[in-house]
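Here is a short note to read alongside the structure. Please keep the viewer open and find each residue as it is named.

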Amino acid sequence: MNNEDLIQSVSGDEAAGALQSTCSDTNIQDGMKRAAAKQLIEAYYFQLTDGCGDQHCTNTNCASSTNFALKDKDRNVLAVMSIDLFKNKAQLCENERNKIARNEIPSPMKQDSPSQNSGPSKVTVGQALQLTRTPPIPGPSTSKSSGGATPKMKPSTPTEPKETPYLDEEKLHAILKPCTDTNDWSPLIKCIGSVFYSPESLIKSFQKKSTNNLIKAILQHDSDDNMDTNDDFIDIHKVKTVNLEDRDEINVDIESLQRCFEMLMDTPDLPFQNALINAIVSLSKDIVINFKFTRNLERKENYLNIFVIIMEIPLLHSPEFIDSAYPEFCKALGCMPLSGQVKLARYWSKFSADRLRNMVLSLQQLLTVKLIDGESKYSRAFQVNDDECITGPVRVMKILYYASLYGGQRDSRKILDEERKILEAESEMQNEMLGGAGAMGVEREGKEVRPVRDDPLAKELDISHADCPSPLVPFEDFINDTLNETVSMEMDYKYKLDSEETPMKFSFFNHSFVLNMPSKQMGLYMDNRVQMYKERRSSVIQTIVHGMPTMPYLRIRVSRNRIIDDALVALEMVAMENPSDLRKQLFVEFDGEQGVDEGGVSKEFFQLIVEEIFNVDFGMFTYNPDTRQFWFNPMSFENEGQFTLCGIVLGLAIYNSTIVDVHFPSVVYRKLVGKLGTFQDLKGVDPTLARTLQDLLDYEGTDMEDVFMQTFQISYLDVFGSTITHSLKDAGETIPVNQLNKQEFVDMYADFILNKSIEKQFRAFRRGFSMVTNESPLRALFRPEEIEMLICGSEDYDFNALEDACEYDGGFDKKSQTIRDFWEVVHGFDDEKKCQLLQFTTGTDRVPVGGLSKLKLIIARNGPDSDRLPTAHTCFNVLLLPDYLNKEKLQERLLKAITYSKGFGML
């Protein structure tokens with residue numbers, strides 16, 4: 001910028017004054033121009049971020065104006081806008097002149113202002129340059145007045161704003177030394193109290209030693225070539241050393257902060273502790289009010305420093321802090337707006353696994369203590385959901401949970417994009433299919449599909465638990481057993497429904513990472529039952545409106561001899577006519593049997609149909625004797641409809657809370673939630689092939705092509721033993737596998753086996769599964785491995801736990817001789833006989849989620865000693881046991897009953 005350019009921004013006397021104040025020295029000239037530019041850009045930046053403070057401001061480029069058009073922009077964008085405003089010589093609010101004066105350049109004398117106006121006056125760029133210019137340097141022509149005397153000017157006395165107290169490592173050293181020498185800790189106590197009481201002080205404390213602000217970083221660069229000094233504005237795109245996207249929202253010097261806390265912890269008897277507790281309590285209450293009402297804290301730069309600093313305090317888990325300061329702080333952090341939570345989650349995701357886990361364990365300790373202390377106050381009128389001492393820490397733990405996912409081992413963006421495309425295509429296909437449903441039946445009223453709500457924080461971070469198989473902190477560390485024993489999932493589900501209308505309502509259903517499997521299953525059970533009642537109500541309305549026969553249940557009538565044909569035909573008719581009927585309560589009838597389905601008949605129906613579907617002679621699935629698991633037959637002669645119906649059966653089992661005996665590898669459940677199989681999943685499908693491919697990856701020799709003699713063409717056997725070849729790439733038979741492409745070969749091989757070879761079969765299978773569960777919170781509540789447990793149950797056959805949880809009726813109790821004999825006989829059974837006993841008493845041989853202690857078996861006395869066999873009400877898990885005379889007779893009668901136990905009859 002030359003002198004003529006500078007003069008363009010002022011007029012008349014202002015131009016003469018500006019020109020007179022310009023030094024002939026080039027370096028001083030450049031320094032003045034840089035300083036003036038820096039101050040102006042700072043003023044524009046503060047005007048865009050903080051505003052002038054006048055509620056009636058009409059400047060559209062001021063944050064205080066009601067017409068401010070950049071309210072939703074982040075500070076990076078506003079920084080760029082400040083450059084543009086400087087370039088265009090935009091107006092500045094009057095109040096921004098005070099912010100211009102915060103520099104090393106002396107301020108000019110205050111000039112007389114015009115008469116007061118109703119609104120803030122504006123200042124032009126030229127006037128601002130005059131306000132920030134350096135006073136004239138005395139010279140021969142200016143050192144004397146015309147009379148030869150030096151004019152005396154009264155120096156300006158600008159009002160200095162009170163300095164905000166803050167702490168850093170250097171200041172803490174300076175405070176601690178005299179306190180230690182004199183054993184007078186009052187200066188330290190006063191300092192800790194004042195700093196931790198004020199948000200502004202904490203924001204300023206423990207900052208990294210870096211440039212003061214973004215503008216200084218823009219102006220200070222390595223080479224003069226980055227900035228054109230002939231321009232009257234700074235082109236940010238020419239600044240090579242600044243990257244706005246890399247600018248941190250949190251600039252706490254963590255290492256220095258930790259050293260400071262170590263110094264404080266070394267002080268005898270921790271004299272500052274009470275002051276720190278009181279300050280955090282007051283600070284937290286102010287932050288809650290700010291976040292809920294005024295919302296000006298979140299507009300401050302680096303306001304997240306407050307929460308980072310306090311979460312590093314080593315005393316948070318101490319009884320004194322748990323009593324008041326820690327829960328109050330968690331309330332404040334739990335009220336943080338979503339944008340702040342996202343930034344904190346990303347920041348904490350960079351922490352080590354141990355550090356993040358310690359933060360989680362500290363919150364777990366707070367939760368457990370508060371739950372135990374408040375156990376007596378919880379009632380139907382005041383649930384644990386209403387206790388902010390509990391909900392606050394859980395909200396904070398959610399941020400840490402997603403930080404753990406975000407920083408863990410996640411699927412690549414390429415895989416995620418591919419999975420998203422596949423799911424979108426399948427969703428469109430399913431919508432078309434559902435749109436055509438009803439053509440074969442009576443026209444029905446259209447129903448709005450219930451959307452499954454995504455967690456807002458997960459949506460902003462673009463992550464889910466299914467995307468991260470290995471988080472920084474294990475999933476189990478977020479589960480609080482005391483909380484799961486305290487919370488009522490029935491009441492919590494009501495809060496969940498209320499939270500959809502009132503966001504301030506808190507539900508653990510929406511924070512499922514703290515829930516264990518039994519609690520999650522109960523939450524899913526409540527959701528399924530509510531949907532069943534809605535479908536039943538809809539059926540009644542259809543009867544009233546259209547005169548149709550009432551169909552409150554999904555009724556299926558099957559014959560044991562034709563169970564596959566009868567069931568699949570019935571389900572196919574429902575799926576084609578009205579798929580929403582699949583979400584009605586299942587009611588099964590067996591031809592020629594009098595059993596009324598209260599749950600037990602459905603259990604046996606699922607077990608029988610699963611046995612038939614997975615029969616290898618049926619040809620839909622293949623069996624691997626090494627893993628004892630089934631896999632989709634890529635050469636199956638069955639059409640896609642059969643696989644769709646298999647998926648419907650699996651979905652119905654979950655929807656009706658029935659455990660079924662299926663043996664799929666874990667990758668099937670990952671694929672059910674929309675994931676793709678990878679090489680890591682191949683071990684569960686074909687361990688031999690996985691080991692061979694791993695050997696290929698581990699081989700480092702240069703003679704790989706000669707040793708393995710493998711190309712990108714693979715071969716496999718079909719169900720008839722014939723060899724089938726397939727090229728993984730175009731002309732794959734001519735591309736040898738070598739050190740450069742071996743990883744690509746392994747990935748493509750695994751992708752073919754787990755995804756592409758069974759694409760049609762699995763797409764149909766997942767479509768059927770989604771017909772039942774697409775409106776269910778299944779995917780939001782459960783991880784893939786938990787869905788496997790939900791379907792298949794546990795494998796922990798702990799009959800001691802079953803005995804402890806068992807209840808007795810009809811005259812039996814725990815001390816009855818027949819009961820003692822019964823448990824002695826049962827504990828002597830092998831695993832096969834124990835499974836048969838479970839099958840006989842409950843309708844399934846699978847262990848429910850949570851173990852046999854969750855089964856609640858009831859043994860009732862069924863008359864005196866007789867030759868009658870034991871009987872069971874499988875719908876209610878009741879075993880009817882005659883009071884046999886001795887142990888031998890009991891064992892003989894019981895074995896006969898559980899061995900020949902198929903079929904239902906009326907007693």
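The points below go from the whole chain to single residues.

1. This is a predicted model. The protein contains 37 helices and twelve strands. It has 907 residues, and 48% of them are buried.

2. Consider how the chain is connected. Among contacts with a separation of 6 or more, 74% are between residues 24 or more positions apart.

3. Which residues touch the most other members of the largest nonpolar core? They are Phe307 and Trp348, in a core of 181 residues. Setting aside residues up to four places away in sequence, Phe307 touches Ile287, Phe291, Phe329, Leu333, Met336, Leu344 and Trp348. There is also a second, separate core of 26 residues, with Phe812, Leu837, Leu881 and Ala897 among them.

4. Ser284 belongs to helix α12, which covers residues 273-294. Is Ser284 buried or exposed? Its relative accessible area is 1%, so Ser284 is buried, the limit being under 20%. Apart from neighbours within four places in sequence, Ser284 contacts Glu328, Phe329 and Ala332. Phe329 is also one of the residues that Phe307 touches.

5. Val540, Ile541, Ile544 and Val545 make a nonpolar patch on the surface, and their accessible area together is about 370 Å². Ile544 sits in helix α22, residues 517-546. Its relative accessibility is 67%, and exposed means over 50%, so Ile544 counts as exposed.

6. Helix α22 comes up again with helix α33, residues 784-792, as α22 is among the elements that cover the buried residues of α33. The cover also includes α25 (640-655), α26 (666-672) and α32 (778-781). Which residues of α33 are buried? They are Pro784, Glu786, Ile787, Leu790, Ile791 and Cys792. Gly793 follows α33 and has a positive phi, near 80°.

7. Now the aromatic rings. A pair of them is described by two values, the distance of the centres and the angle of the planes. The structure has 33 aromatic pairs. In one of them, Tyr378 and Phe382, the ring centres are 6.1 Å apart and the planes are at 15°; the pair is stacked because planes under 30 degrees apart count as such. Tyr378 is buried, at 16% relative accessible area, while Phe382, at 28% relative accessibility, is partly exposed.

8. Why does the pair of Phe762 and Phe765 count as tilted? The planes of these rings are at 45°, which lies between the limits of 30 and 60 degrees, so the pair is neither stacked nor edge-to-face. The ring centres are 5.8 Å apart. Both residues lie in helix α31, residues 759-773, where they are three residues apart, about one turn of the helix. Phe762 is buried, with 3% relative accessible area, and Phe765 is buried as well, with 1%.

Terms used:
Residues numbered from 1 in each chain as written. Predicted model: local features only at pLDDT ≥ 70, side-chain atom pairs only at ≥ 80, totals over all residues. Heavy atoms only, no water. Helix = DSSP H or I, 4+ residues; strand = E, 2+ residues; numbered from the N terminus. Buried < 20%, exposed > 50% of the residue type's maximum accessible area, 1.4 Å probe, protein only. Contact = heavy atoms within 4.5 Å. Patch = residues over 30% accessible without salt bridge, like charges linked within 9 Å, V, L, I, M, F, W, Y side chains within 5 Å. Areas by Shrake-Rupley, 256 points an atom, 1.4 Å probe, with all protein chains shown as cover. Salt bridge = Lys/Arg side-chain N within 4 Å of Asp/Glu carboxyl O. Core = buried A, V, L, I, M, F, W, Y, C linked by side-chain atoms within 4.5 Å. Phe/Tyr/Trp six-rings, centres within 6.5 Å; stacked < 30°, edge-to-face > 60°.
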